[in-house]
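Biologist: I have a model open here and would like to go through it with you. Can we start with how the chain is divided up?

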Amino acid sequence: MLAAQLDETKFDVTIYESNSALGRKFLVAGDGGFNLTHSEELEKFISRYTPSEFFKSIIASFSNNDLREWLRKIGIETFVGSSKRVFPVEGIKPIDVLNAILDEFKRKNVVIKTNFKWKGFDDTEIKANITVFALGGSSWKVTGSDGAWTKHFSEKGIDIIPFQASNCAYEVKWKDEFISITEGRSLKNIYVKCDAKERKGELVITKFGLEGGAIYALSPEIRKHLNKEGFAKVYLDLKPSLTVEQIKDKFRARGNRTIKKLLIDRLNFDDTQIDLLKTLLSKEEFTNLEELAKKIKQLPITLASAAPIDEAISTVGGIALSEVDEHFQLKKLPNTYCIGEMLDWDAPTGGYLLQGCFSMGYCLAQHLNEI
Ligand SMILES: Cc1cc2nc3c(=O)[nH]c(=O)nc-3n(C[C@H](O)[C@H](O)[C@H](O)COP(=O)(O)OP(=O)(O)OC[C@H]3O[C@@H](n4cnc5c(N)ncnc54)[C@H](O)[C@@H]3O)c2cc1C
């Protein structure tokens with residue numbers, strides 16, 4: 001985005017990339033659902049970032065709507081899905097989006113040097129008045145974002161926060177008899193809560209633990225507990241549409257139904273929800289309808305760890321935000337800027353990560369075009 005927005009009459013732009021082609025992680029991101037951004041209104045959108053204060057003016061300067069408009073101008077039409085996430089319209093593949101951006105580079109005479117690994121500040125091959133680093137975080141190393149750059153910045157006295165996984169699966173020590181029958185099954189339309197933050201969505205039960213949008217979005221809170229206490233507790237609401245009292249009402253006039261039959265008949269529960277309650281609750285809790293109603297609304301699950309960094313969708317850590325000024329310039333290295341996931345920030349998956357990176361690139365280009 002930076003290269004596409006820089007004034008070509010003012011700058012000769014060269015992109016150096018260690019891979020043989022640009023945008024490998026962009027293409028990986030496109031492999032599942034390709035969320036280019038999210039359609040949420042601005043204030044809520046900005047609140048998704050940690051720290052949101054840092055992103056306030058960045059996202060306001062180049063918003064989700066601005067990104068969609070820019071994509072439209074370069075030939076990429078988007079649509080808002082039922083999840084409010086923004087995708088390219090049917091028929092447009094991730095490679096088409098990448099190629100449309102690369103076409104902008106051609107139009108602007110941007111030079112691309114691939115198979116070029118930057119090896120540190122002593123690298124004499126690159127001669128530039130202004131250097132912008134956008135070397136990425138540290139997950140999915142196969143895409144080139146290997147985080148190996150941190151040592152070069154540390155040597156310059158720049159504060160580097162160790163990388164940690166974000167938007168990742170979390171470990172649950174499931175009982176063997178539970179996971180052998182539920183592995184791969186999903187829990188739909190539930191809420192997951194950690195501390196005061198609650199997110200609606202879907203969770204998938206895996207051998208490792210739990211994954212899915214609802215839990216990814218709680219990564220900052222979960223990580224805080226894992227770092228401090230060595231474990232984190234989240235609470236599931238398996239029936240968001242009803243209160244505890246309404247569930248208790250549904251349990252009245254039980255007749256000779258078993259608890260399982262009661263959950264199926266009155267709450268429309270499926271086997272996965274019932275098996276989950278059974279594995280997480282004691283026999284006393286499962287058979288006491290008052291207690292069961294409460295637990296359906298607030299089912300505690302203990303998370304033991306985060307997935308390995310390389311399997312995470314994104315990482316936090318990297319260059320401390322205190323090291324850059326409001327234009328992403330390193331305070332200790334004038335004319336040197338850092339943008340994207342290599343800075344220490346966090347956002348949920350679902351379009352916020354790419355939007356954060358695009359907006360930073362846009363804002364920096366506006367600033368450089370003006371100086
Ligand atoms: C599986 C997966 C799915 C995702 N899905 C989404 C999604 O749907 N929506 C969303 O918003 N985000 C998604 N993301 C996150 C998003 O892709 C990243 O946040 C974003 O690509 C980060 O952009 P970046 O430019 O900061 O870094 P990157 O895209 O990681 O690019 C950094 C580049 O720097 C190069 N590089 C690194 N070191 C050197 C060096 N020393 N010399 C030269 N080049 C170097 C790398 O090869 C790489 O090409 C997903 C990520 C993953 C892994």
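Modeller: Domain bounds here come from an automatic or database domain assignment. On that basis the protein is divided into domain 1 (2–166 + 312–370) and domain 2 (170–303). This is a predicted model, where local features need pLDDT of at least 70, side-chain atom pairs count only at pLDDT 80 or more, and totals for chains, interfaces and linings use all residues. Residues are numbered from 1 along each chain as its sequence is written.

Biologist: How far apart are the C-alpha centres of domain 1 and domain 2?

Modeller: The two centres are separated by 37 Å. Domain 1 puts 8 residues into the contact and domain 2 puts in 6. Two residues are in contact if their C-beta atoms, placed from the backbone, lie within 7 Å.

Biologist: What classes of residue are on the domain 1 side?

Modeller: On the side of domain 1 that touches domain 2 there are 2 nonpolar, 5 polar and 1 charged residues. Ala, Val, Leu, Ile, Met, Phe, Trp, Tyr, Cys and Pro count as nonpolar, Asp, Glu, Lys and Arg as charged, and the others, Gly among them, as polar.

Biologist: And the whole protein? How many helices and strands?

Modeller: The protein has 16 helices and 15 strands. Helices (H or I, at least four residues) and strands (E, at least two) are DSSP runs, numbered from the N terminus. Along the principal axes, the C-alpha atoms fill a box of roughly 80 × 40 × 35 Å.

Biologist: What share of the residues is buried?

Modeller: Of the 371 residues, 36% are buried. A residue is buried if 20 or more other C-beta atoms lie within 10 Å of its own, exposed if 12 or fewer, and partly exposed in between, with C-beta atoms placed from the backbone.

Biologist: Let's switch to helix packing. How do helix 11 and helix 15 cross?

Modeller: The axes of helix 11 (residues 244–251) and helix 15 (residues 289–297) come within 9 Å, crossing at roughly 135 degrees. That makes helix 11 oblique to helix 15. Axes are lines fitted to C-alpha atoms, for helices over the stretch in contact, and angles run from 0 to 180 degrees between N-to-C directions. Angles under 35 degrees count as roughly parallel, over 145 as roughly antiparallel, 65 to 115 as roughly perpendicular and the rest as oblique.

Biologist: Which residues meet there?

Modeller: From helix 11, Val 244, Ile 247, Lys 248 and Phe 251 meet Leu 289, Glu 290, Ala 293, Lys 294, Ile 296 and Lys 297 of helix 15. By class, that contact of helix 11 with helix 15 has 6 nonpolar, no polar and 4 charged residues.

Biologist: What about helix 11 with helix 12?

Modeller: Helix 12 (residues 259–267) packs on helix 11 at an angle of about 115 degrees, with the axes 10 Å apart. Helix 11 is therefore roughly perpendicular to helix 12. Ile 247, Lys 250 and Phe 251 in helix 11 meet Leu 262, Arg 266 and Leu 267 in helix 12.
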